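Visitor: I'd like to learn how to read a model like this one. Could you walk me through it?

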Amino acid sequence: MNKSFFARVILVPSVVWLSVLFGAATGTGRELVEYITVAGPWGGLVSAITVTISFAIALFFCFEIARRYNAYDYRLLSKLLLARAWPIYEVVLLLGMLLALAIASTASGELLLKRFGLPRLWGTGGLLLLVVLSVYKGRAFIEKSMTIAVAALLAAFLYIGFKVADNNGALLVESFSASKIHFNGVSTALQYALVNLSYIPLILYAARGIRTRSESVTSAISAAIFATIPLFFLHIIFITGYPEILSEELPLYWLLKRITSDWFVDIYVAILFLLIVQTGVGLLQGFIERMDGWFLQRKGKSMPSNWSGLLSFGVMALSLLLSTIGLIDLIRGAYMILFMGFIVTFVIPLLTIGSYRIFKSDS
(Lines give C-alpha, C1' and ligand atoms only; values in the text may rest on other atoms or scores of the structure.)
Protein backbone atom coordinates (compact mmCIF):
# COMPACT_ATOMS: atom_id res chain seq x y z
CA MET A 1 0.00 0.00 0.00
CA ASN A 2 1.25 3.48 -0.93
CA LYS A 3 2.74 5.27 2.11
CA SER A 4 1.66 8.77 1.06
CA PHE A 5 -0.09 11.02 3.58
CA PHE A 6 -3.43 10.38 1.89
CA ALA A 7 -3.03 6.60 1.98
CA ARG A 8 -1.75 6.17 5.53
CA VAL A 9 -3.76 8.90 7.29
CA ILE A 10 -7.02 9.13 5.35
CA LEU A 11 -7.57 6.20 2.98
CA VAL A 12 -6.60 3.14 5.02
CA PRO A 13 -8.22 4.10 8.39
CA SER A 14 -11.38 5.34 6.63
CA VAL A 15 -11.78 2.31 4.39
CA VAL A 16 -11.11 -0.18 7.18
CA TRP A 17 -13.54 1.52 9.59
CA LEU A 18 -16.27 1.79 6.95
CA SER A 19 -15.77 -1.84 5.92
CA VAL A 20 -16.03 -3.10 9.50
CA LEU A 21 -19.01 -0.90 10.33
CA PHE A 22 -21.03 -1.26 7.13
CA GLY A 23 -21.43 -5.01 6.85
CA ALA A 24 -22.66 -5.56 10.40
CA ALA A 25 -24.24 -2.23 11.34
CA THR A 26 -25.43 -0.56 8.13
CA GLY A 27 -25.53 -2.79 5.06
CA THR A 28 -28.95 -4.40 5.39
CA GLY A 29 -30.47 -1.25 6.89
CA ARG A 30 -31.95 -3.13 9.85
CA GLU A 31 -29.89 -1.46 12.56
CA LEU A 32 -30.23 1.90 10.83
CA VAL A 33 -34.03 1.89 10.90
CA GLU A 34 -33.98 0.54 14.45
CA TYR A 35 -31.82 3.37 15.83
CA ILE A 36 -31.73 6.22 13.27
CA THR A 37 -34.69 6.33 10.86
CA VAL A 38 -37.14 5.57 13.65
CA ALA A 39 -36.72 9.23 14.68
CA GLY A 40 -38.28 10.43 11.42
CA PRO A 41 -36.84 12.58 8.59
CA TRP A 42 -35.08 15.42 10.43
CA GLY A 43 -34.75 13.52 13.70
CA GLY A 44 -32.86 10.80 11.84
CA LEU A 45 -30.42 13.34 10.39
CA VAL A 46 -29.78 14.71 13.88
CA SER A 47 -29.19 11.13 15.02
CA ALA A 48 -26.72 10.51 12.19
CA ILE A 49 -24.80 13.68 13.10
CA THR A 50 -24.67 12.46 16.70
CA VAL A 51 -23.16 9.18 15.52
CA THR A 52 -20.56 10.98 13.37
CA ILE A 53 -19.40 13.20 16.25
CA SER A 54 -19.24 10.22 18.62
CA PHE A 55 -17.15 8.22 16.16
CA ALA A 56 -14.75 11.13 15.53
CA ILE A 57 -14.06 11.62 19.25
CA ALA A 58 -13.52 7.93 19.94
CA LEU A 59 -11.37 7.40 16.83
CA PHE A 60 -9.11 10.31 17.79
CA PHE A 61 -8.64 9.05 21.35
CA CYS A 62 -7.89 5.51 20.19
CA PHE A 63 -5.60 6.51 17.31
CA GLU A 64 -3.65 8.96 19.46
CA ILE A 65 -3.18 6.52 22.36
CA ALA A 66 -2.08 3.85 19.88
CA ARG A 67 0.43 6.27 18.30
CA ARG A 68 1.85 7.58 21.59
CA TYR A 69 2.25 4.18 23.23
CA ASN A 70 2.74 1.97 20.17
CA ALA A 71 -0.40 0.06 21.22
CA TYR A 72 -1.81 -1.26 17.96
CA ASP A 73 -3.80 -4.16 19.34
CA TYR A 74 -6.71 -4.04 21.75
CA ARG A 75 -4.88 -5.93 24.52
CA LEU A 76 -2.22 -3.23 24.79
CA LEU A 77 -4.83 -0.48 24.58
CA SER A 78 -7.04 -2.02 27.25
CA LYS A 79 -4.04 -2.41 29.57
CA LEU A 80 -3.39 1.32 29.24
CA LEU A 81 -7.01 2.11 30.07
CA LEU A 82 -7.87 -0.52 32.68
CA ALA A 83 -4.52 -1.65 34.13
CA ARG A 84 -5.01 -5.03 35.84
CA ALA A 85 -8.71 -5.09 35.01
CA TRP A 86 -8.00 -5.23 31.25
CA PRO A 87 -9.25 -8.87 30.83
CA ILE A 88 -12.80 -7.67 31.60
CA TYR A 89 -12.79 -5.54 28.45
CA GLU A 90 -11.40 -8.41 26.43
CA VAL A 91 -14.29 -10.65 27.51
CA VAL A 92 -16.87 -7.99 26.62
CA LEU A 93 -15.14 -7.22 23.31
CA LEU A 94 -14.92 -10.86 22.28
CA LEU A 95 -18.60 -11.34 23.07
CA GLY A 96 -19.36 -8.24 21.05
CA MET A 97 -17.23 -9.47 18.18
CA LEU A 98 -19.03 -12.82 18.16
CA LEU A 99 -22.41 -11.06 18.12
CA ALA A 100 -21.32 -8.70 15.32
CA LEU A 101 -20.11 -11.67 13.28
CA ALA A 102 -23.34 -13.51 14.05
CA ILE A 103 -25.36 -10.54 12.77
CA ALA A 104 -23.19 -10.48 9.63
CA SER A 105 -23.65 -14.24 9.16
CA THR A 106 -27.40 -14.00 9.59
CA ALA A 107 -27.62 -11.10 7.15
CA SER A 108 -25.62 -12.96 4.50
CA GLY A 109 -27.82 -16.05 4.82
CA GLU A 110 -31.03 -14.01 4.67
CA LEU A 111 -29.86 -12.10 1.59
CA LEU A 112 -29.03 -15.19 -0.43
CA LEU A 113 -32.26 -16.87 0.67
CA LYS A 114 -34.50 -13.94 -0.24
CA ARG A 115 -32.80 -13.05 -3.49
CA PHE A 116 -31.68 -16.36 -4.95
CA GLY A 117 -33.63 -18.92 -2.93
CA LEU A 118 -30.40 -20.49 -1.69
CA PRO A 119 -30.30 -22.20 1.71
CA ARG A 120 -29.14 -19.93 4.54
CA LEU A 121 -26.24 -22.31 5.11
CA TRP A 122 -24.81 -21.35 1.72
CA GLY A 123 -24.56 -17.72 2.78
CA THR A 124 -23.13 -18.39 6.21
CA GLY A 125 -20.82 -21.12 4.94
CA GLY A 126 -19.57 -18.94 2.09
CA LEU A 127 -18.97 -16.12 4.54
CA LEU A 128 -16.96 -18.45 6.77
CA LEU A 129 -14.69 -19.62 3.95
CA LEU A 130 -14.07 -16.17 2.46
CA VAL A 131 -13.31 -14.59 5.84
CA VAL A 132 -10.84 -17.30 6.83
CA LEU A 133 -9.13 -17.12 3.43
CA SER A 134 -8.82 -13.31 3.59
CA VAL A 135 -7.38 -13.31 7.11
CA TYR A 136 -4.92 -16.00 6.05
CA LYS A 137 -3.72 -13.77 3.18
CA GLY A 138 -2.71 -11.01 5.61
CA ARG A 139 -3.13 -7.30 6.33
CA ALA A 140 -1.99 -5.93 2.94
CA PHE A 141 -4.49 -8.12 1.09
CA ILE A 142 -7.24 -7.09 3.51
CA GLU A 143 -6.63 -3.36 3.01
CA LYS A 144 -6.62 -3.71 -0.79
CA SER A 145 -9.77 -5.85 -0.89
CA MET A 146 -11.56 -3.42 1.44
CA THR A 147 -10.68 -0.52 -0.85
CA ILE A 148 -12.14 -2.34 -3.85
CA ALA A 149 -15.32 -3.26 -1.94
CA VAL A 150 -15.85 0.33 -0.74
CA ALA A 151 -15.32 1.70 -4.27
CA ALA A 152 -18.01 -0.70 -5.55
CA LEU A 153 -20.34 0.41 -2.75
CA LEU A 154 -19.94 4.09 -3.57
CA ALA A 155 -20.64 3.42 -7.25
CA ALA A 156 -23.81 1.53 -6.26
CA PHE A 157 -24.89 4.41 -4.00
CA LEU A 158 -24.46 6.84 -6.88
CA TYR A 159 -26.84 4.80 -9.01
CA ILE A 160 -29.36 4.40 -6.16
CA GLY A 161 -29.27 8.14 -5.53
CA PHE A 162 -30.15 8.89 -9.15
CA LYS A 163 -33.03 6.38 -9.07
CA VAL A 164 -34.47 7.80 -5.85
CA ALA A 165 -34.20 11.39 -7.10
CA ASP A 166 -35.86 10.43 -10.38
CA ASN A 167 -38.71 8.34 -8.93
CA ASN A 168 -39.26 9.73 -5.44
CA GLY A 169 -37.67 13.17 -5.33
CA ALA A 170 -40.97 14.98 -4.78
CA LEU A 171 -41.95 12.54 -2.02
CA LEU A 172 -38.65 13.18 -0.22
CA VAL A 173 -39.09 16.94 -0.37
CA GLU A 174 -42.65 16.61 0.92
CA SER A 175 -41.62 14.29 3.77
CA PHE A 176 -38.87 16.58 5.02
CA SER A 177 -41.03 19.69 4.58
CA ALA A 178 -43.76 18.15 6.73
CA SER A 179 -41.29 17.17 9.47
CA LYS A 180 -39.64 19.34 12.11
CA ILE A 181 -36.11 19.27 13.49
CA HIS A 182 -36.06 17.57 16.90
CA PHE A 183 -33.64 15.72 19.16
CA ASN A 184 -35.83 12.83 20.27
CA GLY A 185 -33.60 10.29 18.52
CA VAL A 186 -30.33 11.35 20.13
CA SER A 187 -30.54 8.75 22.91
CA THR A 188 -31.02 5.84 20.51
CA ALA A 189 -28.31 7.28 18.24
CA LEU A 190 -25.90 7.35 21.16
CA GLN A 191 -26.72 3.75 21.96
CA TYR A 192 -26.01 2.80 18.34
CA ALA A 193 -22.80 4.85 18.31
CA LEU A 194 -21.41 3.66 21.65
CA VAL A 195 -21.89 0.00 20.82
CA ASN A 196 -20.25 0.29 17.41
CA LEU A 197 -17.40 2.65 18.34
CA SER A 198 -16.34 0.13 20.95
CA TYR A 199 -15.05 -2.02 18.09
CA ILE A 200 -12.46 0.63 17.19
CA PRO A 201 -9.69 -1.12 19.19
CA LEU A 202 -10.08 -4.06 16.79
CA ILE A 203 -9.05 -1.88 13.82
CA LEU A 204 -6.05 -0.11 15.35
CA TYR A 205 -3.79 -1.92 12.87
CA ALA A 206 -5.17 0.53 10.30
CA ALA A 207 -3.65 3.45 12.25
CA ARG A 208 -0.03 2.29 12.10
CA GLY A 209 0.78 4.96 9.52
CA ILE A 210 -0.26 7.89 11.74
CA ARG A 211 2.80 9.84 12.90
CA THR A 212 1.64 12.99 14.71
CA ARG A 213 -1.25 14.24 16.83
CA SER A 214 -2.53 16.42 14.00
CA GLU A 215 -2.59 13.34 11.78
CA SER A 216 -4.61 11.54 14.47
CA VAL A 217 -7.16 14.36 14.35
CA THR A 218 -7.31 14.36 10.56
CA SER A 219 -7.58 10.59 10.38
CA ALA A 220 -10.29 10.40 13.03
CA ILE A 221 -12.47 13.08 11.42
CA SER A 222 -12.00 11.60 7.95
CA ALA A 223 -12.82 8.06 9.08
CA ALA A 224 -15.86 9.20 11.08
CA ILE A 225 -17.33 11.16 8.17
CA PHE A 226 -16.50 8.52 5.57
CA ALA A 227 -18.01 5.70 7.64
CA THR A 228 -21.24 7.60 8.30
CA ILE A 229 -21.89 8.79 4.74
CA PRO A 230 -23.91 5.56 4.24
CA LEU A 231 -25.96 6.41 7.36
CA PHE A 232 -26.99 9.78 5.96
CA PHE A 233 -27.56 8.43 2.47
CA LEU A 234 -29.58 5.37 3.49
CA HIS A 235 -31.63 7.29 6.06
CA ILE A 236 -32.65 9.82 3.41
CA ILE A 237 -33.69 7.20 0.86
CA PHE A 238 -35.45 5.17 3.57
CA ILE A 239 -37.79 8.11 4.14
CA THR A 240 -39.38 7.26 0.76
CA GLY A 241 -40.67 4.09 2.43
CA TYR A 242 -41.28 5.51 5.90
CA PRO A 243 -42.89 4.32 8.16
CA GLU A 244 -43.54 0.92 6.50
CA ILE A 245 -39.82 0.28 6.18
CA LEU A 246 -39.38 0.19 9.97
CA SER A 247 -40.84 -3.31 10.17
CA GLU A 248 -38.81 -4.84 7.33
CA GLU A 249 -36.09 -7.35 8.28
CA LEU A 250 -33.91 -6.30 5.31
CA PRO A 251 -35.03 -2.70 4.71
CA LEU A 252 -32.56 -1.78 1.96
CA TYR A 253 -33.29 -4.94 -0.02
CA TRP A 254 -37.03 -4.22 0.33
CA LEU A 255 -36.56 -0.67 -0.94
CA LEU A 256 -34.29 -1.59 -3.84
CA LYS A 257 -36.85 -4.08 -5.13
CA ARG A 258 -39.33 -1.19 -5.32
CA ILE A 259 -37.15 1.44 -7.01
CA THR A 260 -34.55 -0.41 -9.10
CA SER A 261 -34.41 -3.23 -11.62
CA ASP A 262 -33.72 -6.89 -10.90
CA TRP A 263 -30.23 -6.79 -12.38
CA PHE A 264 -29.17 -4.00 -10.02
CA VAL A 265 -30.61 -5.77 -6.97
CA ASP A 266 -28.46 -8.78 -7.89
CA ILE A 267 -25.40 -6.55 -8.15
CA TYR A 268 -26.10 -4.84 -4.83
CA VAL A 269 -26.64 -8.16 -3.05
CA ALA A 270 -23.24 -9.29 -4.35
CA ILE A 271 -21.60 -6.04 -3.18
CA LEU A 272 -23.28 -6.26 0.21
CA PHE A 273 -22.21 -9.87 0.64
CA LEU A 274 -18.64 -8.79 -0.14
CA LEU A 275 -18.87 -6.01 2.46
CA ILE A 276 -20.29 -8.40 5.04
CA VAL A 277 -17.23 -10.55 4.38
CA GLN A 278 -15.04 -7.47 4.93
CA THR A 279 -16.75 -6.84 8.28
CA GLY A 280 -15.81 -10.31 9.42
CA VAL A 281 -12.29 -9.89 8.05
CA GLY A 282 -11.79 -6.50 9.70
CA LEU A 283 -12.95 -7.67 13.10
CA LEU A 284 -11.01 -10.91 12.97
CA GLN A 285 -7.84 -9.17 11.83
CA GLY A 286 -7.95 -7.15 15.04
CA PHE A 287 -8.24 -10.38 17.02
CA ILE A 288 -5.34 -11.90 15.05
CA GLU A 289 -3.19 -8.79 15.68
CA ARG A 290 -3.84 -9.21 19.41
CA MET A 291 -2.91 -12.90 19.35
CA ASP A 292 0.16 -12.18 17.22
CA GLY A 293 1.31 -9.61 19.78
CA TRP A 294 0.93 -12.20 22.54
CA PHE A 295 2.78 -14.80 20.44
CA LEU A 296 5.61 -12.34 19.72
CA GLN A 297 5.92 -11.51 23.43
CA ARG A 298 6.00 -15.15 24.49
CA LYS A 299 7.88 -16.79 21.61
CA GLY A 300 9.93 -13.92 20.19
CA LYS A 301 8.46 -14.38 16.69
CA SER A 302 5.23 -13.75 14.81
CA MET A 303 2.39 -16.27 14.87
CA PRO A 304 2.43 -18.77 11.96
CA SER A 305 -0.09 -17.96 9.21
CA ASN A 306 -1.85 -21.32 9.57
CA TRP A 307 -2.63 -20.42 13.19
CA SER A 308 -4.39 -17.30 11.91
CA GLY A 309 -6.59 -19.44 9.69
CA LEU A 310 -7.43 -21.88 12.48
CA LEU A 311 -8.27 -19.10 14.97
CA SER A 312 -10.44 -17.39 12.36
CA PHE A 313 -12.26 -20.62 11.61
CA GLY A 314 -12.97 -21.24 15.30
CA VAL A 315 -14.32 -17.73 15.93
CA MET A 316 -16.49 -17.81 12.80
CA ALA A 317 -17.86 -21.24 13.73
CA LEU A 318 -19.00 -19.88 17.12
CA SER A 319 -20.63 -16.89 15.45
CA LEU A 320 -22.54 -19.21 13.11
CA LEU A 321 -24.10 -20.90 16.13
CA LEU A 322 -25.31 -17.52 17.40
CA SER A 323 -26.66 -16.62 13.95
CA THR A 324 -29.44 -19.20 14.35
CA ILE A 325 -31.26 -16.74 16.68
CA GLY A 326 -32.41 -14.45 13.84
CA LEU A 327 -31.41 -10.97 12.70
CA ILE A 328 -33.95 -8.74 14.48
CA ASP A 329 -33.78 -10.67 17.76
CA LEU A 330 -29.96 -10.58 17.66
CA ILE A 331 -29.88 -6.82 17.20
CA ARG A 332 -32.52 -6.01 19.80
CA GLY A 333 -31.20 -8.47 22.35
CA ALA A 334 -27.51 -7.71 21.97
CA TYR A 335 -27.48 -3.92 21.91
CA MET A 336 -28.51 -3.19 25.48
CA ILE A 337 -26.15 -5.82 26.92
CA LEU A 338 -23.23 -4.57 24.84
CA PHE A 339 -24.16 -0.95 25.50
CA MET A 340 -23.82 -1.35 29.26
CA GLY A 341 -20.73 -3.53 29.02
CA PHE A 342 -18.86 -1.19 26.68
CA ILE A 343 -19.83 1.92 28.66
CA VAL A 344 -18.18 0.52 31.79
CA THR A 345 -15.17 -1.22 30.26
CA PHE A 346 -14.32 1.07 27.35
CA VAL A 347 -16.11 4.41 26.95
CA ILE A 348 -15.67 5.75 30.51
CA PRO A 349 -12.01 4.62 30.76
CA LEU A 350 -11.30 6.05 27.28
CA LEU A 351 -12.71 9.48 28.14
CA THR A 352 -11.06 9.66 31.58
CA ILE A 353 -7.83 7.67 31.72
CA GLY A 354 -7.42 7.96 27.95
CA SER A 355 -7.70 11.77 28.15
CA TYR A 356 -5.07 11.86 30.87
CA ARG A 357 -2.66 9.70 28.88
CA ILE A 358 -3.09 11.80 25.75
CA PHE A 359 -2.89 15.26 27.26
CA LYS A 360 -0.57 14.78 30.26
CA SER A 361 2.37 16.00 28.15
CA ASP A 362 3.02 17.34 24.69
CA SER A 363 3.03 14.82 21.84
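Guide: Let's start with contact, which means heavy atoms within 4.5 Å. Leaving aside neighbours within four places in sequence, Ser219 is in contact with Val9, Pro13, Phe63 and Ile210. Bear in mind that this is a predicted model, where local features need pLDDT of at least 70, side-chain atom pairs count only at pLDDT 80 or more, and totals for chains, interfaces and linings use all residues. Residues are numbered from 1 along each chain as its sequence is written, and side-chain values use heavy atoms, with hydrogens and water left out.

Visitor: Is Ser219 buried or exposed?

Guide: Buried means under 20% relative accessible area, exposed over 50%, and partly exposed in between (1.4 Å probe, protein chains only). Ser219 has a relative accessible area of 0%, so Ser219 is buried. Across the chain, buried residues make up 59% of the 363 residues.

Visitor: Which helix does Ser219 lie in?

Guide: Helices are DSSP runs (H or I, at least four residues), strands likewise (E, at least two), and both are numbered from the N terminus. Ser219 lies in helix 9, residues 213-238. The chain has 13 helices and zero strands.

Visitor: How do I read the radius of gyration against the globule rule?

Guide: The radius is taken over C-alpha atoms, and the rule is 2.2 Å times the number of residues to the power 0.38. For 363 residues, a compact globule would come out near 21 Å; the chain has 20 Å, which agrees. Along its principal axes, the C-alpha trace spans about 60 × 45 × 40 Å. Also, among contacts between residues at least 6 apart in sequence, 84% join residues at least 24 apart.

Visitor: How many aromatic pairs are there?

Guide: Rings of Phe, Tyr and Trp (its six-membered ring) pair if their centres lie within 6.5 Å; planes under 30 degrees apart count as stacked, over 60 as edge-to-face and the rest as tilted. That rule gives 12 aromatic pairs. Take Tyr159 and Phe264: their ring centres are 4.5 Å apart and their planes at 35°, so this pair is tilted. The pair links distant parts of the chain, with Tyr159 in helix 7 (residues 139-177) and Phe264 in helix 11 (residues 262-299), 105 residues apart. Tyr159 counts as partly exposed at 25% relative accessibility, while Phe264, at 4%, counts as buried.

Visitor: What about Tyr199 and Phe342?

Guide: Tyr199 and Phe342 form an edge-to-face pair, 5.8 Å centre to centre with 75° between the planes. Both Tyr199 and Phe342 are buried. Ring pairs also link Tyr89, Tyr199, Phe342 and Phe346 into a cluster.
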